[in-house]
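Colleague: I have a model open and want to learn how to read it. Can we go through it feature by feature?

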Amino acid sequence: MTTPQELAERRAEEAARIRRSLDASHEAREKGIKGGEDTVAFVHENLCIGCDQCMIVCDDDAIELYDKPLASPIMDIEVNKKAKILRDPCTGCRLCVLACPTDAIVMLDR
Ligand code: SF4
Ligand code: SF4
């Protein structure tokens, strides 16, 4: 059975793998996305699928998931997660934008 320690190590390894992959493959795209301390990330809630990828790559603990009830009562899913950016700790590094599989995150001027 997997221990919490093993899970934490696996999660850290996965974060490192994602970071390396992002660094290698998104240089060109990164140049086209504004960033830096005068910017802050923003999540378009309707595009977010709550996949957790942005939280894994964010070094600054600037992203949280929250519960969002589904709009349709006929969908029987207990928990529907969405991501939100915490403005103060966000450094504008853009990693979450590059990691998001649904292009739900954009960078805004502060
Ligand atoms: S821009 Fe960087 S610091 Fe801000 S939420 Fe995204 S990954 Fe975290
Ligand atoms: S990576 Fe994108 S889709 Fe996944 S939780 Fe973050 S904002 Fe939502």
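Colleague: Is E37 buried or exposed?

Modeller: First, note that this is a predicted model. E37 has 10 other C-beta atoms within 10 Å, so E37 is exposed.

Colleague: Where is E37 placed?

Modeller: E37 is in the loop between α2 (27-31) and β1 (39-43).

Colleague: Which residues does E37 touch, leaving out those up to four places away in sequence?

Modeller: T91 and G92. Take G92: E37 and G92 are 55 residues apart along the chain, yet their C-alpha atoms are separated by 5.4 Å.

Colleague: What about the interior? How many residues does the largest nonpolar core have?

Modeller: The general idea: in soluble globular proteins, nonpolar side chains tend to be buried together. Here the largest nonpolar core has 18 residues. C54, C96, V97, C100 and I105 have the most contacts inside it. The largest share, five residues, comes from α4.

Colleague: Which residues is C96 in contact with, beyond its neighbours within four places in sequence?

Modeller: A41, C54, V57, C58, I63 and I105. C96 also belongs to the residues that come nearest to ligand 1, with C58, A62, C90 and C93.

Colleague: How does the shell around ligand 1 divide by class?

Modeller: Into 10 nonpolar, two polar and two charged residues.

Colleague: And which residues are closest to ligand 2?

Modeller: C48, C51, C54, A83 and C100, out of 14 that surround ligand 2. That shell has 10 nonpolar, three polar and one charged residues.

Technical notes. Residues numbered from 1 in each chain as written. Chains lettered and ligands numbered in written order. Predicted model: local features only at pLDDT ≥ 70, side-chain atom pairs only at ≥ 80, totals over all residues. Near = placed C-beta within 6 Å. Nonpolar A, V, L, I, M, F, W, Y, C, P; charged D, E, K, R; others polar. Core = buried A, V, L, I, M, F, W, Y, C linked by C-beta atoms within 7 Å. Buried ≥ 20, exposed ≤ 12 C-beta atoms within 10 Å, placed from the backbone. Helix = DSSP H or I, 4+ residues; strand = E, 2+ residues; numbered from the N terminus. Contact = placed C-beta atoms within 7 Å.
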